[in-house]
Amino acid sequence: MAMTRAHVRWIGLILASVMLASCGTQEGPGTAGLIFERLKGAPEPSRFSPSRAELAAAGVNQPLLRVVTQVPVTQSAGYILRGQANGAQFYGANDGSELQVRAGLIQSTVGFVGDLDGTNITAPARAIATGQGRYSRVLRHRRSEGKLFETQINCTVTRVGAEQVVILGRSHNTTRVAESCRAANEDPAGRTLAFENTFWLENGAVRASEQWVSYETGTLRLEQVLP
Amino acid sequence: MTAAKRRLLTGAISAGMIVLSSPAVPQEGLVRGLLGLPEKDTRPPQRAFVLPSSDPSVSSEAAPALRAASNFYGMPGLIDMPAAHALPDGELQAIVSSFAGITRTTLTFQISPRLTGAFRYNRFADINLDGFEDYYDRAFDLHYQVLREDEDGWQPALAVGLRDFVGTGIEAGEYIVASKTFALPNEGRLRASAGLGWGRLGSYGDIGAPFGEDRPQFVPGDTGGEVDFGQWFRGPMAPFAGLEWQPGGRLQDLRVKVEYSSDAYDLEAGTQGQFERRSPLNFGVEYQANDTVRVGLYSLYGSEIGAMVTIAGNPRRSGTPVRLGGPGPVTQRPDRQAAPEQWTSAWLANPNAPKAILDLLTPALAEQNITVTGLSLPGTTSAANTAVVRVENGGYEAQSIVVGRTARTMAALLPPSVEVFRIVIENGGLPTGEVTVRRSDLERLDGTSNRSQALAAATTVGPAPVSDEGVIAPEGRYPNFQFSFGPYLSASLFDPTAPVRADVGLALTGNLELSRGLIIEGVIYQKLAGNVGDGRLPDTELEPVRTLGTLYADNDTPTIRRLTASYSAKLSPNVYSRASVGYFERMFGGVSGEVLWKPVDSRLALGAELAYVGQRDFDQRFGFQDYRVLTGHVSAYYEFGHGYRGQVDVGRYLAGDVGATLTLTREFANGWEVGAFATKTNVSAEEFGEGSFDKGIVLTIPMQSITGQVGAQKVSRQLRPVQRDGGARLIQEGRLYERVRAGHSEAIFADWSQVWR
């Protein structure tokens, strides 16, 4: 069907309306503009793989984590230490997402789908540091209804062996430790949560890890770039 | 942070997006039972945000082993027949099905874990009834799952349903049906359903009429719309049955259905000859393309091919996630023993202190979409260690985010001697609730593993202060002018001559806040194109207060959609008031006053509104027509919990009729609301006309669930089968209840898990 002048006028009208939606005292592109942005599709996946020299040149010298996500696509980002409270370290990325880490273990997340609101860290941290142990943990997830949902899990920690880990070009001699967890009960949806986390310890501290966060976010890989 | 550092720390992780995302009444237990809700939560409200694992609403979080599917009527079922399963809780589906010229467009909502409701618009092509070339009809259905299936045991699911129970009755039928699902190898599933039907569903192969033969027949041209309790489960009763097979493995997205139908299609296949019903057997295959879309192709009644498309969404899970930056840790005060000089209250003697603190707080919170409207420092209106900040929510769905961010910002900016933060939640200048948080609790709990629950236990919500004595407002706060300019879309549905009509145009919206609670606002429309004004003008026996809508739409020049001045104030700890004057809506303007009683921790609220209004000229400028009316209602509101709330309004409507409106609404954490209302007044069904009484559904969608950006803009639409003059209520922006409840305990603690976001 050929495009008539009437069609052109309609298309122009719609586009003009979308553009005009940007006007107003509210900052930002306006509702129609935001919908338009959404229609353009997802942004390119981010990659965080600078060289050590580039980090130094940029003046990055505070504690820094490289975090790799797998869901919905593999991406990576840098998280710098924003502060500490009661022994928990707060790492934040430019997109505003935030990780609370205690003894190398993720205690809480903000800015991920299916955020972890909190979990007890003391017993797992002790077991992981020694490479063995059994304990129970409670995972508290923020659900989309704004509620917290608690899952009790039973975990076992075992020492796997020595491994070399390379983080942004720097090699680290580590000990690999596995944390295997399974929920005590089925959840109401009939699922029994089970996951395995991996920690690579260097001189007793976590240098890198793969930690399950939630069904929606899956597992995050954390690499302690600095210090 | 330097620009170079910022570039290096590039961190747009798509996965890092999050969704942001009610006095006892005698019938509460009954309502809970009907909705399939858990027993009343007797825990303190502070803990209500923790979901017990026994909560049945949790069960639909994951996709079930056999996805719940809908039938041609848009209700849980097979092909044309019902089944006993329920849709996932909160599911909203739009379903279009068609065969033999019968096209059904259905909006279905899983009202509660057990109760499904639907509104349907039917087109019967070439069926000449009551003088129409094509016959259009509207219908409401209900489906209630009496028993849940025990997947590991023998107990099947059991459901009862009412089809077209409040329309003309062209599709009226009732049923009771049982379904049992069996596990197959390779994670396949087979669901068998069997039931008994009445009405349409008892019209083929009946086995008697156990509850009586006398069932009224469908009458073309009847006004319809009345609930005819007397006909339910009466007349012939017939069995129906069917199988649903979902193959496992790689074919798990396919589904094969076969059913034996007990619907004779007496009208369509009989008197109207629209198709030939050769067989009671129907077959179909469906494909689940993704979580949202399902398509199906069917062979029906041995002679027809049918198709169905289902678009599904669930406000409990879906929507564009709203990305919020992590707030970072709470700023800890210096140790009191080590730095006692920093803990003195000497700063209070500095007359510039209030302004200096406001100058810091206001922009810091504005960056987080929170507007500071006032501050009072220790010793003025509060204890010597207490600071009070008044804030307005700039668009967060969870009020707890406002509380958390305000408290953390206060912790960062206020001198160490301030220990208690009182955060007053205002809405349109109206102080609603006051949240009290101790600074030492923030410091003590941040970074701990159970901080949300612990902070909830330490936080109290009380009534906001009535007086604003001693409160200073940020410099330049008033007058505050805001405007927006953008497109609008206005639709008119269900006109038999053109079921969908629409206007598009430009809208200019302005809002001038002159002082606390005093607001002038207006909306001007300029239509650019559309055909709503070409619609029919129905006959009416009442004062035409709504049926002249097409005349109001038939304007090509700018129209004043709304222009009002209103003043809201708190009269006592539990009583709120509003007075308004102006053009309230496109059809009526005048003066209006309202009072609301709502204690901060009460699920019950009572209100009264009185208005004297005149009917506006069709050109929607400044003139009025001759019709004047005194209208008003007394209202009761009740929050049942779990997002459900009810409202009863009793009073006089615009046409002068007297009656009551019942509204039930379910609100989701991401701000979506789905509700239904019905109004019965002292006008008879004949006087009311088509539909017999006013009823409909309401859908409210916050734009942030689509745009992914924090913002207060919402789109709310009432969907009525037919707009008549009876039971028509004045449209009034800024009614008190919604504004007040948002700052009260139930709303604040409902989403408390968001307090650290």
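I take buried to mean under 20% relative accessible area, exposed to mean over 50%, and partly exposed to mean in between, with a 1.4 Å probe and protein chains only. By that rule I find that buried residues make up 56% of the 757 residues in chain B.

Ground rules. I note that this is a predicted model, in which local features need pLDDT of at least 70 and side-chain atom pairs count only at pLDDT 80 or more, whereas totals for chains, interfaces and linings use all residues. Residues are numbered from 1 along each chain as its sequence is written, chains are lettered from A and ligands numbered from 1 in the order in which they are written, and side-chain values use heavy atoms, with hydrogens and water left out.

Confidence in chain A. I looked up pLDDT, the predictor's confidence in each residue from 0 to 100, and chain A averages 78, with 77% of the residues at 70 or above. Over residues 1–22 of chain A the pLDDT stays under 50. Where pLDDT is low, the predicted coordinates should not be read in detail.

Elements of chain B. I count helices (H or I, at least four residues) and strands (E, at least two) as DSSP runs numbered from the N terminus, and chain B has twelve helices and 31 strands.

Cores. A nonpolar core is here a set of buried Ala, Val, Leu, Ile, Met, Phe, Trp, Tyr and Cys residues joined through side-chain atoms within 4.5 Å. The largest one has 42 residues, and those touching the most other members are B:Val391, B:Met410, B:Phe421, B:Leu442, B:Leu455 and B:Trp752. Helix 5 (residues 399–413) of chain B gives the most to this core, namely six residues. I also looked up a second, separate core of 33 residues, which includes A:Leu116, A:Ala127, A:Ile153 and A:Val213.

Contacts of B:Leu442. With contact meaning heavy atoms within 4.5 Å, and residues up to four places away in sequence not counted, B:Leu442 touches, among others, B:Val330, B:Ala407, B:Phe421, B:Leu455 and B:Trp756.

B:Leu514. This residue lies in strand 20 (residues 498–515) of chain B, and I class B:Leu514 as partly exposed because its relative accessible area is 36%. B:Leu514 and B:Pro479 are 35 residues apart in sequence, yet their C-alpha atoms are 4.5 Å apart in space. Leaving aside neighbours within four places in sequence, B:Leu514 is in contact with B:Tyr478, B:Pro479 and B:Ile520.

B:Trp245. I find B:Trp245 in strand 9 (residues 238–246) of chain B, and B:Trp245 counts as partly exposed because its relative accessibility is 38%.
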